[in-house]
Amino acid sequence: MAIKNHLRLLFTAGSLLATTLASPVSRFEDDDDDDTPLPVVIWHGLGDAYNADGMRQVAALVESINPGTLVYPIRIEDAGNRDRYDSFVGNVTEQLAKVCADIAAHPILSTAPAIDAVGFSQGGQFLRGYVERCNNPPVRSLVTFGSQHNGITAFRECETNDWICRFAMAVLGTNPWSPTVQAKLVPAQYFRDPDQYDKYLEHSNFLADINNERSIKNEAYKKNIAKLENFVMYMFDEDTTVVPKETSWFEDVNGTEVTPLRARKLYSEDWLGLRELDRKGGLKFRTAPGDHMQLSDELLTEAFGDFFGPLNRHKGRSDPRPASSVGDEEFDMGSGGRSEPRPASRGGEVEFDMGNDL
């Protein structure tokens, strides 16, 4: 992905590689005072790739905040162009099974007592699926930015020259509930239309299952979410790409009616363990200023500093981040289908283009 003006890398690729290849033998000790930071896994969004420049910079920022952190960008394919393609086309259930196996077999991740996780846009609900379905090694803190936890009711627009996106969205517009579409096109697998709720429950390949919305509940999903120390959900207050934006906070939107998470049966009957997690102070709702995936260096630094680091560090703060607080640098993690670049709003601003992320 192209990087916008005056990009500066936080760390070199060589330092990241050295961190990734560090010896698993000495990284973790059975010591309550061990200050080795837990590894962090990152899952990118729609139209991005695990090895894109913006993803490398996020990985470097994580390591700079907690030096010595192993950062593992999740990938479906080792080739970046194929990994980007797989963010549009593929069976999410099969992709998640591969990710679970890859993480469990990783020579360093598999030795960790726990890991932390950050998901950008669709990568957030996919990481939540990891927690629910496998969680080996277990996730301590899950941080999601603009993720579609309660699904989407509309599909994104595509840039004129993004043919992969245009093809995928054209097929999605035909019949999102067909077995072929649900098995092959990624955004369809978290499409949730309140006007077609019965069809959603019957045909959804992914979201209806990990949200435990069907009549038979998976108790393991509930237990694994409740075991989290922190589940932090960021919603972009001016998000125009994800419809509805309130999905980032698990809110249910039907027309103009918005039902907050705590007023939903999913919460009151605790289908997912969110109520139990909330009662122990682990469920956190935060806002991010701007449109979808416009992330400032300051906001990311705050999130990674609050919730990542050594196993026995303090728990993250529970108070929401003020929406007016912005940083001096900005990660632009995707144009959300806009054909024009986002104008810089402050002098000296540095923007990071992390793909057409959804």
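The lining of the largest cavity has five nonpolar, four polar and three charged residues. Here nonpolar means Ala, Val, Leu, Ile, Met, Phe, Trp, Tyr, Cys and Pro, charged means Asp, Glu, Lys and Arg, and polar means the others, Gly among them. The model is a predicted one, in which local features need pLDDT of at least 70 and side-chain atom pairs count only at pLDDT 80 or more, while totals for chains, interfaces and linings use all residues. Residues are numbered from 1 along each chain as its sequence is written, and side-chain values use heavy atoms, with hydrogens and water left out.

A cavity is a set of points, on a 1 Å grid over the protein atoms alone, where a 1.4 Å probe fits but cannot get out; lining residues have an atom within 4 Å of a point. Points are joined across faces, edges and corners, and the volume is the space filled by probe spheres set on them. Two cavities of 30 Å³ or more are counted.

The largest cavity holds about 80 Å³. Among its lining residues are W43, H44, D83, D86, S87, Q122 and F126. Helix 3 (80-88) and helix 5 (122-133) are the elements that give two or more residues to this lining, and helix 3 has the largest share, with three residues. Helices here are DSSP runs of H or I with at least four residues, strands are runs of E with at least two, and both are numbered from the N terminus.

Now the second largest cavity. Its volume is about 40 Å³, and N150, G151, T153, R192, P194, P244, D252 and V253 line it. That lining divides into three nonpolar, three polar and two charged residues.

Back to helix 5. How does helix 5 pack with helix 10? The angle between helix 5 and helix 10 (residues 219-226) is about 110°, and their axes are 7 Å apart. Axes are lines fitted to C-alpha atoms over the stretch in contact, with angles from 0 to 180 degrees between N-to-C directions. So helix 5 is roughly perpendicular to helix 10, a term for angles of 65 to 115 degrees. In the contact (heavy atoms within 4.5 Å), R128, V131, E132 and R133 of helix 5 meet A220, Y221, N224 and I225 of helix 10.

Last, the aromatic rings. Ten aromatic pairs are counted, with ring centres of Phe, Tyr or Trp (its six-membered ring) within 6.5 Å. F120 and F145 are stacked (planes under 30 degrees apart), because their planes lie at 20°, with ring centres 5.5 Å apart. F120 is in strand 3 (residues 115-120) and F145 in strand 4 (residues 139-145), so this pair ties together parts 25 residues apart in sequence.

Note on methods: On a 1 Å grid over the protein atoms alone, a cavity is a set of points where a 1.4 Å probe fits but cannot get out, and a pocket is an open set with protein on both sides within 12 Å along at least five of seven lines; lining residues have an atom within 4 Å of a point. Angles under 35 degrees count as roughly parallel, over 145 as roughly antiparallel, 65 to 115 as roughly perpendicular and the rest as oblique. Rings of Phe, Tyr and Trp (its six-membered ring) pair if their centres lie within 6.5 Å; planes under 30 degrees apart count as stacked, over 60 as edge-to-face and the rest as tilted.
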